Amino acid sequence: MSGNAPCRLAVLVSGSGTNLQAIIDCIESGELTAEIACVISNKADAYALTRASRHGIPAVIHSNAHFSERSSYDAATVEILRSHKVDLVILAGFMRILTDTMVHAFPNAIMNIHPALLPSFPGLHAQQQALDYGVRYSGCTVHFVDCGTDTGPIILQTVVPVEQDDTEETLSARIQKAEHHTFAEAIKLFVDRKILVQGRRVQILP
Ligand code: GRF
């Protein structure tokens, strides 16, 4: 981020993009002072692309199909991000694990949202994992991205109760509501330069 220019975000997606929509809404309502420089999808049919175009946000389909190496795909992603002068990379349902090519290009400047209270239930089907385990509370976690699967320093978490009759769908829907405001809050902290990372621990400055 330079001077008083608004923080430039890239939102990386693979699917429906409800988190992208929540970020767009916060920017449009003035709650968040930032600009979405580009949306990047690895899936040509992601509904998130439609959301981007409705709001006049540049969108790039960046398919991984033609890359045999994960790191060469990531190197190409870094080029796109650099060309859009991105300050903060947001993984909003982007269904790929990043290599160190990406992680080292944006140190402590890539955020992911995970639908569980990490370090519990990393990886896929986190909501079903929580139900199968029988926890009373789950939630969502916004964390910086490192080279592991959902292992980076935790920025914010929101707790969501698990109800007796929950299914994967009903629990996912409740968690997703929490995701939308938790992600926006974490991005706002970054934009306001209120995040200090010390090893694994993230301090929120007053
Ligand atoms: C969210 O549940 C998020 O936790 C996970 O992927 C999902 C993306 O949903 N990482 P959406 O595309 O933002 O609707």
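Guide: A residue counts as buried when its relative accessible area is under 20%, and as exposed when that value is over 50%; anything in between is partly exposed. The model is a predicted one. With that cut-off, leucine 171 counts as buried because its relative accessibility is 0%.

Leucine 171 has its place in helix α6, which covers residues 168–191. Residues up to four places away in sequence aside, leucine 171 touches Gln127, Leu131, Pro161, Val162 and Asp166. Another residue to look at here is alanine 130: it is 41 residues from leucine 171 in sequence, while the two C-alpha atoms are 9.4 Å apart in space.

Glutamine 127 belongs to helix α5, residues 126–133. Its relative accessible area is 13%, so glutamine 127 is buried. Apart from neighbours within four places in sequence, glutamine 127 is in contact with Pro115, Glu168, Leu171, Ser172 and Ile175. Glu168 and Leu171 are among these contacts, and helix α6 runs over residues 168–191.

Aspartate 166 also counts as buried, because its relative accessibility is 12%. The side chain of aspartate 166 meets that of arginine 174 in a salt bridge, with 2.7 Å from N to O. Side chains of opposite charge can pair when their charged atoms come close.

The structure holds 3 salt bridges. Another one joins the side chains of lysine 188 and aspartate 192, at 3.0 Å from N to O. Lysine 188 counts as partly exposed because its relative accessibility is 37%, and aspartate 192 counts as partly exposed at 35%. There is also a salt bridge between arginine 8 and glutamate 35, whose closest N and O atoms are 3.3 Å apart. Arginine 8 is in strand β1 and glutamate 35 in strand β2 (residues 34–41), so this pair ties together parts that are 27 residues apart in sequence. Arginine 8, at 24% relative accessibility, counts as partly exposed, and so does glutamate 35, at 36%.

The loop between β5 (110–114) and α5 is the next stop, and proline 119 has its place there. The peptide bond from leucine 118 to proline 119 is cis, with omega near 10°. Phenylalanine 121 is in the loop between β5 and α5 as well. Although phenylalanine 121 is not a glycine, its phi is positive, about 55°. Most residues other than glycine have a negative phi, and most peptide bonds are trans. Phenylalanine 121 counts as buried, because its relative accessibility is 12%.

Lysine 85 also has a positive phi without being a glycine, with a value near 50°. The place of lysine 85 is the loop between α3 (70–83) and β4. Lysine 85 counts as exposed, because its relative accessibility is 61%.

Now for the wider setting. The domain assignment gives domain 1 as 1–106 and domain 2 as 113–206. The C-alpha centres of domain 1 and domain 2 lie 19 Å apart. Contacts link 24 residues of domain 1 with 17 residues of domain 2. The size of an interface is often given as the accessible area lost when the parts come together. Between domain 1 and domain 2 the buried area is about 1700 Å², and carbon and sulfur atoms give 72% of it. Of the area that domain 1 buries against domain 2, Met1, Asn19 and Leu32 supply 29%, more than any other three residues.

Across the interface of domain 1 and domain 2 there are 0 salt bridges, and there are 3 residue pairs in polar contact, both residues at pLDDT 80 or more. On the side of domain 1 that touches domain 2, the elements giving two or more residues are β1 (7–13), α1 (18–28), β4 (88–91) and α4 (100–105). The largest share of that side, 5 residues, comes from α1. By class, the side of domain 1 that touches domain 2 has 16 nonpolar, 5 polar and 3 charged residues.

Terms used. Residues are numbered from 1 along each chain as its sequence is written. This is a predicted model: local features need pLDDT of at least 70, side-chain atom pairs count only at pLDDT 80 or more; totals for chains, interfaces and linings use all residues. Side-chain values use heavy atoms; hydrogens and water are left out. Helices (H or I, at least four residues) and strands (E, at least two) are DSSP runs, numbered from the N terminus. Buried means under 20% relative accessible area, exposed over 50%, partly exposed in between (1.4 Å probe, protein chains only). Contact means heavy atoms within 4.5 Å. Domain bounds come from an automatic or database domain assignment. Buried area is the accessible area (1.4 Å probe) that two parts lose on being put together, summed over both. A salt bridge is a side-chain nitrogen of Lys or Arg within 4 Å of a carboxyl oxygen of Asp or Glu. A polar contact is a pair of N or O atoms within 3.5 Å; within protein, one must be able to donate a hydrogen and the other to accept it, and residues adjacent in sequence count only if both atoms are side-chain atoms. Ala, Val, Leu, Ile, Met, Phe, Trp, Tyr, Cys and Pro count as nonpolar, Asp, Glu, Lys and Arg as charged, and the others, Gly among them, as polar.
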